[in-house]
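I opened this entry to record what I looked up, one point at a time. The coordinates come first, my notes after.

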Amino acid sequence: MKVINLHDLNGTDNDVEHGNWRSRRFVLARDQVGFSFHDTVLYAGTETDMWYANHIECVYVYAGTGTLVNRETGEEHALAPGTMYLLDGNEKHTIRAVEDIRCACVFNPPVTGREVHDEHGVYPLLTEEPSPA
């Protein structure tokens, strides 16, 4: 069993900030459970292009507002508390945050925590050894 409070991640290697967003990672590939789980904030007034070419991502918005844009179709979706979206087709997308958007995110395959978005917004597919017991 693993129990962590969000605040326990502050200032650790699992607390990643990248200009438009901050992601605190509760579960990573080294945990060997088949997914990673993150609490992410997309900052108000920002626009972030992403494309998870190597991952499936499921996002649940629990605070804030904004817009999700499918860059392949131009389709736009309002983001607000209670909204879930699943990027199961490796869609290129943009998040426009009106207010700080707080969300819980699940990635499969799991991320290692070392990934950095490249110039296309893609996370590389990295692997990780299991955590020591």
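Is Phe-26 buried or exposed? I checked its accessibility before anything else. The model is predicted, so I read every value below as computed from it. Phe-26 has a relative accessibility of 15%. The cut-off for buried is under 20%, so Phe-26 counts as buried.

**Entry: the chain as a whole**

I counted the secondary structure next. There are 10 strands and 0 helices. Read from the N terminus, the order is β-β-β-β-β-β-β-β-β-β. The chain has 133 residues, and 41% of them count as buried. I then looked at contacts between residues at least 6 apart in sequence. Of these, 62% join residues at least 24 apart. The accessible surface is about 7,100 Å². Carbon and sulfur atoms account for 53% of that surface.

**Entry: aromatic pairs**

I searched the whole structure for ring pairs and got 2. One of them joins Phe-26 and Phe-37. Their centres are 5.7 Å apart, with 40 degrees between the planes, and the pair is tilted. Phe-26 lies in strand β2 (residues 21–27) and Phe-37 in strand β3, so the pair ties together parts 11 residues apart in sequence. Phe-26 is buried at 15%, whereas Phe-37 is partly exposed at 29%.

Tyr-52 is in the loop between β4 (47–51) and β5, and Phe-107 is in strand β10. Tyr-52 is buried, with a relative accessible area of 4%. Phe-107 is buried too, at 3%.

**Entry: Asp-39**

Which side chains make polar contacts with the side chain of Asp-39? I found Tyr-62 at 2.3 Å. I also found Arg-102 at 3.0 Å. Asp-39 is in strand β3 (residues 36–42). Its relative accessible area is 7%, so Asp-39 falls under the 20% cut-off and is buried. I then listed its contacts, leaving aside neighbours within four places in sequence. Asp-39 touches Leu-6, Arg-22, Ser-23, Arg-24, Phe-26, Tyr-62, Arg-102 and Cys-103. Phe-26, from the tilted pair, is on that list.

**Entry: the nonpolar core**

Nonpolar side chains tend to be buried together in soluble globular proteins. I looked for that grouping here. The largest nonpolar core has 19 residues. Leu-42, Leu-79, Tyr-85, Ile-95 and Ile-101 touch the most other members. Strands β5 (56–63), β8 (84–87), β9 (92–97) and β10 (101–108) each supply at least two residues of this core. The largest share, 4 residues, comes from β10.

**Entry: a charge over a ring**

Which ring does the charged end of Lys-92 sit over? I traced it to Trp-51. The charged end of Lys-92 is 4.5 Å from the centre of that ring.

Terms used. Residues are numbered from 1 along each chain as its sequence is written. This is a predicted model: local features need pLDDT of at least 70, side-chain atom pairs count only at pLDDT 80 or more; totals for chains, interfaces and linings use all residues. Side-chain values use heavy atoms; hydrogens and water are left out. Buried means under 20% relative accessible area, exposed over 50%, partly exposed in between (1.4 Å probe, protein chains only). A polar contact is a pair of N or O atoms within 3.5 Å; within protein, one must be able to donate a hydrogen and the other to accept it, and residues adjacent in sequence count only if both atoms are side-chain atoms. Contact means heavy atoms within 4.5 Å. Accessible areas come from the Shrake-Rupley method with a 1.4 Å probe; for residues, only the protein chains shown count as cover. A nonpolar core is a set of buried Ala, Val, Leu, Ile, Met, Phe, Trp, Tyr and Cys residues joined through side-chain atoms within 4.5 Å. Rings of Phe, Tyr and Trp (its six-membered ring) pair if their centres lie within 6.5 Å; planes under 30 degrees apart count as stacked, over 60 as edge-to-face and the rest as tilted. A charge sits over a ring if NZ of Lys or CZ of Arg is within 6 Å of the ring centre and within 35 degrees of the ring normal.
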